[in-house]
Amino acid sequence: MRRRFYPLLSLLMVFGLAGLSSAQSEGGHYPTAGAIPDIVEGYNHLWREVMIDITIIGILFALVTLYFLFAYRRKRPNQEGKPVKLSKAAMLGWAFIPIFVFMADDLYLGAKGWTLWNTYRTPPENAYEIQLESAMWSWKFKYAGGVETYNELRVPAGKPILVRMTSADTIHSLFIPDFKVKEDSMPGRVTYLWFYPKEVGEHLITCAEYCGMLHSNMSGKVIAMEQGAFDSWLASEQAALTEGGA
Ligand SMILES: [Cu+2]
């Protein structure tokens, strides 16, 4: 009777070992020092991995459940079940092997999430800094020389961008889905996020924290421009300000 459990236990062991060996082979995914880490790729990679793991775990649970349903079905009317007596070793095995398998995967994904989080919280040193003040209902971006834009975050492509933010009124949340970044902006506190627009293009900005009646209209866009075009845009805005102020 007890022998029936052995194939199942071996199956669990195989999954556990497969998980561990995949954990070890992941070492190469993280960027070397000095390079700009790719948080979009890091996010996508972790997301795929979580999906794959919960699918495998779900199938595994379903198979074990189906096996038990079949193996321990009632075979005659009035049949009474009787508990299987397990040896101490089998008992410990049943408790600890599944724990080992699932906790190994949880801790591994947790560690990878922590590593990725640290990447999110550590802007590269050469990041270009832009300030943001959110309000009901607009995003005001502030550049060097007093230049301001509303709802348009113009950035040079090919450079990591650091956005330091606060809020004029209530809590908003700057969400740029294409770059997999989101950060709350709040009054009386300065928070930040960074992202890396590699190429010229436009990307949606939206508010991800309910901030009142027109919250759903609180959108904007990132406009990633060639470095030269960005520089001349900023210079012309600065010149216009100087002229206006003179
Ligand atoms: Cu908002």
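I counted the elements first: the chain has 4 helices and 10 strands. The model is a predicted one. I then read the order from the N terminus, which is α-α-α-β-β-β-β-β-β-β-β-β-β-α.

I looked up burial next. Of the 246 residues in the chain, 15% are buried. I also checked the contacts between residues at least 6 apart in sequence, and 70% of these join residues at least 24 apart.

Next entry: the helix pair. I took helix 2 (residues 39-71) against helix 3 (residues 88-121) and found an angle of about 165°, with the axes 10 Å apart. Angles over 145 degrees count as roughly antiparallel, so helix 2 and helix 3 are roughly antiparallel to each other. I noted their crossing as left-handed. On the helix 2 side I listed I39, G42, Y43, L46, E49, V50, D53 and I57 in the contact. Helix 3 contributes F102, D105, L109, K112, G113, L116, T119 and Y120. I sorted the residues of this contact into 9 nonpolar, 3 polar and 4 charged.

I found an open sheet of 5 strands in the order 3-2-1-5-8, with mixed pairing. Strand 3 (148-150) and strand 8 (191-195) are at its edges; each has a single partner strand, so one side of each has no neighbour in the sheet. I noted an average twist of 25° from one strand to the next. I then went to strand 2 (residues 138-142), which runs antiparallel to strand 3 and is joined to it by 3 bridges. For K140 I looked up the bridge partner in strand 3, and it is Y150.

Methods:
Residues are numbered from 1 along each chain as its sequence is written. This is a predicted model: local features need pLDDT of at least 70, side-chain atom pairs count only at pLDDT 80 or more; totals for chains, interfaces and linings use all residues. Axes are lines fitted to C-alpha atoms, for helices over the stretch in contact, and angles run from 0 to 180 degrees between N-to-C directions. Helices (H or I, at least four residues) and strands (E, at least two) are DSSP runs, numbered from the N terminus. Angles under 35 degrees count as roughly parallel, over 145 as roughly antiparallel, 65 to 115 as roughly perpendicular and the rest as oblique. A crossing is left-handed if the near helix is turned anticlockwise from the far one by less than a right angle, and right-handed if clockwise. Two residues are in contact if their C-beta atoms, placed from the backbone, lie within 7 Å. Ala, Val, Leu, Ile, Met, Phe, Trp, Tyr, Cys and Pro count as nonpolar, Asp, Glu, Lys and Arg as charged, and the others, Gly among them, as polar. A residue is buried if 20 or more other C-beta atoms lie within 10 Å of its own, exposed if 12 or fewer, and partly exposed in between; C-beta atoms are placed from the backbone. Two strands pair if DSSP finds at least two bridges between them.
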